[in-house]
Amino acid sequence: MTAAASGGAPLHAADTHVAVLGGGWSNEREISLVTANACAGALRDRGYRVTEIDVDRSIAARLAELEPDIAFNGLHGTVGEDGTVQGILEVLQIPYTHSGVLASALAMDKHRAKAIFESVGIPVAEHLIADRWEVAREHVMAPPYVVKPIAEGSSVNIFIVKQGAAHPPQEILREDWTGGEEVMVERFVPGRELTSAVMGDKVLEVTEIVTDLPFYNYEAKYAEGGSKHLIPAPVSSNIYQRVQTLTLLAHRALGCRGVTRTDFRLHEEPGGESELVCLELNTQPGMTPTSLVPELAALAGYSFEELVAWMVEDASCNR
Ligand SMILES: Nc1ncnc2c1ncn2[C@@H]1O[C@H](COP(=O)(O)OP(=O)(O)O)[C@@H](O)[C@H]1O
Ligand SMILES: [Mg+2]
């Protein structure tokens with residue numbers, strides 16, 4: 001570990017070689033390439049020596065040969081977000097950004113993450129885990145509900161089963177299904193979509209995501225004009241603070257590091273109580289200048305470049 005990365009003197013950018021990891025072979029490969037490219041550009045602008053690596057199965061050998069001072073993890077999804085790459089970086093003793101092995105693995109598994117959230121009082125929507133064949137045969141929960149992979153992101157392979165739907169989604173039986181043999185079936189929470197983020201030990205502001213699409217799906221997330229971000233989220237100060245409190249609690253409960261983002265649903269009954277549930281925590285949130293976390297960091301006074309540089313300064317092993 002370098003002195004700087006372990007909390008010593010600030011890094012001298014020109015003397016610091018950062019390997020930016022991107023791509024990989026998860027369903028989120030394309031998004032990761034965009035994240036990694038944006039972060040590599042920001043680091044170059046800050047004067048760092050940068051090598052971009054399109055991650056494949058030779059990543060351990062490649063890193064051992066390259067011997068960078070720090071690895072910036074720009075991966076999303078399987079391998080890059082689930083503790084696997086973090087384990088390789090621990091073995092090679094290369095300080096890295098974002099969360100460590102255990103927190104990454106836990107956050108990636110929505111079933112186990114929700115169990116931990118519940119244990120510290122973070123409200124979640126009820127769910128069950130079942131074989132995809134069983135889920136496709138007949139409703140295993142009264143609609144409306146959501147079928148989603150246990151360990152995937154970017155809304156890939158998510159199906160909303162509406163009230164009155166005659167059948168469960170049959171797409172999960174497709175031969176080229178990549179969402180896992182077991183899937184999560186979760187109660188649909190109507191209403192609004194909120195998200196907040198943690199940077200180090202500070203919680204950032206809260207964003208409301210608004211989309212005209214059926215839900216915050218892949219297109220809403222990444223297509224031009226697919227969604228609108230309202231910051232600060234126009235909700236009551238009570239809800240606003242609760243989202244921030246729960247975001248920090250979720251980050252700490254899973255033992256996360258660096259930057260994370262936590263997604264919520266808010267259901268407001270007219271004249272009644274509102275229900276706020278946590279959907280998931282992302283240990284590798286999207287990192288382009290127009291992504292949710294960089295927007296929130298900007299409100300806290302960090303430009304995109306400053307945020308990415310902060311992440312590099314914060315890198316370490318044993319996270
Ligand atoms: N239980 C739910 N009720 C309502 N909408 C949901 C629910 N689960 C997921 N969604 C919708 O699907 C999107 C993606 O779900 P999420 O659980 O965050 O998975 P991902 O890891 O793919 O982002 C959410 O942002 C939300 O719009
Ligand atoms: Mg999400």
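Two strands count as paired when DSSP finds at least two bridges between them. Helices (H or I, at least four residues) and strands (E, at least two) are themselves DSSP runs, numbered from the N terminus. The model you are looking at is predicted, so local features need pLDDT of at least 70 and side-chain atom pairs count only at pLDDT 80 or more, while totals for chains, interfaces and linings use all residues. Residues are numbered from 1 along each chain as its sequence is written, chains are lettered from A and ligands numbered from 1 in the order in which they are written, and side-chain values use heavy atoms, leaving out hydrogens and water.

Let us start with strand β1, residues 17–23, which pairs with β3 in the parallel sense over 4 bridges. Find Val 18 and look across to β3: the residue opposite is Ile 70. These strands belong to an open sheet of 3 strands, ordered β2-β1-β3, with parallel pairing. Its edges are β2 (49–55) and β3 (70–73), each pairing on one side only. From one strand to the next, the twist averages 25 degrees. Helix α2 (residues 59–66) packs on this sheet and touches β1 and β2, where contact means heavy atoms within 4.5 Å. The direction of α2 makes about 165 degrees with that of β2. For such angles, axes are lines fitted to C-alpha atoms (for helices, over the stretch in contact), and the values run from 0 to 180 degrees between N-to-C directions.

Strands β8 (residues 192–199) and β9 (residues 202–210) pair in the antiparallel sense over 6 bridges, with Glu 193 opposite Ile 209. There are 2 residues between the strands, and Gly 200 takes a positive phi near 70 degrees in this hairpin. β9 is also joined to β10 (residues 228–230) by 3 bridges, again running antiparallel; there, Val 210 has Lys 228 as its bridge partner.

Finally, which residues come nearest to ligand 1? Of the 20 residues around ligand 1 (each with a heavy atom within 4 Å of it), they are Lys 110, Lys 148, Ser 155, Val 189 and Glu 193. The shell divides into 7 nonpolar, 3 polar and 10 charged residues. In this count, Ala, Val, Leu, Ile, Met, Phe, Trp, Tyr, Cys and Pro are nonpolar, Asp, Glu, Lys and Arg are charged, and the others, Gly among them, are polar. At least two shell residues come from each of β5, β7, β11 (259–268) and β12 (274–282).

A polar side-chain atom of Lys 110 lies 2.8 Å from an oxygen atom of ligand 1. A side-chain N or O atom of Glu 280 is 2.9 Å from an oxygen atom of the ligand. Taken alone, ligand 1 exposes 540 Å², and the protein buries 98% of that, with accessible areas coming from the Shrake-Rupley method with a 1.4 Å probe.

Definitions and conventions:
A polar contact is a pair of N or O atoms within 3.5 Å; within protein, one must be able to donate a hydrogen and the other to accept it, and residues adjacent in sequence count only if both atoms are side-chain atoms.
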